[in-house]
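Here's a quick walk through how this one packs. Have the viewer open as you read.

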Amino acid sequence: MKLELTDREKSVLFLLAKGMKNEEISDKLHISVHTTKAHLEMIYEKLGVKNRVQAAIKAIALGYFTINDLLN
């Protein structure tokens with residue numbers, strides 16, 4: 001069962017998993033760095049993780065995206 005992430009949280013999580021920094025995510029999604037950080041905090045809480053690497057691994061394990069998606 002997937003946890004309830006918003007569409008924006010999924011977008012932030014995907015870009016995080018692609019290795020983007022907060023500033024890059026903010027630029028790509030046209031949101032502030034503060035907003036990006038707020039999304040990340042909520043993502044970590046919802047996924048029950050403590051950092052970016054754990055979030056990316058859990059997202060793949062839950063089927064939000066695949067490793068191949070990240071390579072494209």
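## The core

The largest nonpolar core holds 20 residues, and L13, L16, I43, Y44, L47, A55 and F65 have the most contacts inside it. A nonpolar core here is a set of buried Ala, Val, Leu, Ile, Met, Phe, Trp, Tyr and Cys residues joined through side-chain atoms within 4.5 Å; buried means under 20% relative accessible area, exposed over 50%, partly exposed in between (1.4 Å probe, protein chains only). At least two residues of this core come from each of α1 (7-17), α2 (22-29), α3 (33-47) and α4 (52-61), with helices being DSSP runs of H or I, at least four residues, numbered from the N terminus. The top contributor is α1, with five residues.

This is a predicted model, so local features need pLDDT of at least 70 and side-chain atom pairs count only at pLDDT 80 or more, while totals for chains, interfaces and linings use all residues. Residues are numbered from 1 along each chain as its sequence is written, and side-chain values use heavy atoms, leaving out hydrogens and water.

## Around L47

Skipping its neighbours within four places in sequence, L47 is in contact (heavy atoms within 4.5 Å) with L3, L13, A55, K58, L62 and Y64.

A55, A56 and A59 in α4 are buried. They sit on the same side of α4, because they cover an arc of only 95° around the axis, taken from the directions from the helix axis to the C-beta atoms. On the other side of α4, V53, I57 and A61 are exposed. The cover over the buried residues of α4 includes α1 and α3.
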